[in-house]
Amino acid sequence: MNPKETLAHTTTPKLGVLLVNLGTPDSPTPQAVRRYLAEFLSDPRVVEIPRAIWLPILYGFVLPFRPKRVAHAYAAVWQDGGSPLLVGSQQLTGALADRLSTELGTSVVTVLAMRYGQPSIAAAMDRFERENVRRILVLPLYPQYSGSTTAAVMDAVFASLMQRRWMPELRSIHQYHDDPGYIAALANSVREHWETKGQSERLMLSFHGIPKHYVTNGDPYYCQCQKTARLLIADLGCTRDRVVITFQSRFGRTPWLEPYTDVTLKALGAQGVSSVDVLCPGFAVDCLETLEEIAIRNRDDFLAAGGRELRYIPALNDAPGHADALQALVRSNLVGWLPSSEPPPIAPQHERIAELKRTF
Ligand SMILES: C=CC1=C(C)c2cc3[nH]c(cc4nc(cc5[nH]c(cc1n2)c(C)c5CCC(=O)O)C(CCC(=O)O)=C4C)c(C)c3C=C
Ligand SMILES: [Fe+2]
Ligand SMILES: [Fe+2]
């Protein structure tokens with residue numbers, strides 16, 4: 001008998017941290033975008049219309065036309081290393097991996113996967129198996145939980161585990177919308193932007209939308225977006241009338257969460273608001289929806305409607321405060337899995353947000 005290497009009793013089991021983001025095309029071409037959209041939009045977590053109705057629409061009306069237009073949008077923001085979502089997610093994973101290995105040594109393996117496309121969740125699980133990772137913490141890079149994103153990630157993780165004889169132990173972080181480190185990182189990023197560029201007349205907090213009926217059917221996404229916004233506004237000390245909370249990236253014909261970002265920006269421009277700072281707190285890293293939709297298309301619309309300046313505040317990406325926040329989040333979810341079982345204490349500068357979080 002030739003047992004698998006992972007059965008060797010001398011190897012110490014390791015711990016895996018799996019970061020997962022949405023996924024993105026391999027290149028900004030209609031063919032690659034079509035492959036990506038076909039996989040993404042076939043997921044019943046994303047489009048809940050019955051398959052017999054939706055798949056003919058997807059293959060008959062969406063996939064023949066949308067990829068050409070969307071490929072053009074990707075081309076406008078494509079980077080040397082590839083799609084901004086992939087590059088940014090890789091950089092953030094690198095920053096977190098450095099921190100975790102400095103703190104915990106070689107017993108922790110930090111890996112990035114994408115829910116749709118490459119690098120796949122199945123490949124990450126294969127790597128964990130090869131490296132004798134027996135305990136896995138999954139961190140979907142979505143601060144606010146939605147069935148269409150977070151649960152879709154977990155579906156793929158479970159599907160991959162179904163194929164394995166010796167299942168690793170599993171934990172997952174389903175949301176961190178009110179995590180003090182995350183809120184503080186967002187607030188610091190806004191303050192830094194204001195210090196260098198000055199304050200606009202309005203601060204817009206734009207979250208990715210979802211269909212309204214997902215929320216009425218029980219998805220907590222809307223409430224978690226609102227809580228992120230409340231905590232952020234409180235930490236910034238802004239007056240509520242200067243802030244607008246909106247939802248972007250509408251897709252399809254059903255009503256989505258409102259107010260819509262694009263409609264609101266046009267209305268603000270028309271009402272004589274001359275400058276707006278836009279932050280997208282639900283996007284861990286920049287991507288098509290922030291760099292192209294907000295910073296190019298919606299900016300053009302705002303200016304055309306009479307506005308004078310739209311300043312996009314970048315996503316947290318691999319900023320040290322972001323990687324620090326995720327490190328603390330991961331650490332507090334590893335209690336019992338590490339020799340030292342205590343979660344790290346709350347950083348003194350985050351205590352105020354932790355207190356607010358308890359009261360909201
Ligand atoms: C941040 C959380 C996200 C939620 C919630 C979300 C829901 C959601 N999205 C679609 C449809 C599309 N989204 C697209 C791009 C896209 N979406 C997110 C994040 C969330 N989506 C990101 C980070 C991205 C960017 C990907 C990139 O490569 O940069 C797209 C593709 C672009 C396009 O064709 O317009 C679609 C389609 C639905 C239907 C949905 C909820 C039901
Ligand atoms: Fe989306
Ligand atoms: Fe979009």
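A residue is termed buried if 20 or more other C-beta atoms lie within 10 Å of its own, exposed if 12 or fewer, and partly exposed in between, with C-beta atoms placed from the backbone. The model is predicted: local features need pLDDT of at least 70, side-chain atom pairs count only at pLDDT 80 or more, and totals for chains, interfaces and linings use all residues. Residues are numbered from 1 along each chain as its sequence is written, while chains are lettered from A and ligands numbered from 1 in the order in which they are written.

**Annotated site**

An unreviewed UniProt entry gives the feature "binding site" at His-208 and Glu-289; such annotations may be inferred rather than shown by experiment. They span 82 residues in sequence, yet no two of their C-alpha atoms are more than 8.2 Å apart, so they gather at one spot. His-208 is found in strand 5 and Glu-289 in helix 11 (residues 288-304); helices (H or I, at least four residues) and strands (E, at least two) are DSSP runs, numbered from the N terminus.

| Residue | C-beta neighbours within 10 Å | Class |
|---|---|---|
| Glu-289 | 19 | partly exposed |

Contact requires C-beta atoms, placed from the backbone, within 7 Å. Leaving aside neighbours within four places in sequence, His-208 is in contact with Gln-248, Ser-249, Gly-282 and Glu-289. With the corresponding exclusion of residues up to four places away, Glu-289 touches His-208, Gln-248, Ser-249 and Phe-283.

**Helix 9**

The buried residues of helix 9 include Tyr-221, Cys-225 and Leu-232. What covers the buried residues of helix 9 includes strand 5 (202-208) and helix 13 (351-359).

How values were computed. Two residues are in contact if their C-beta atoms, placed from the backbone, lie within 7 Å.
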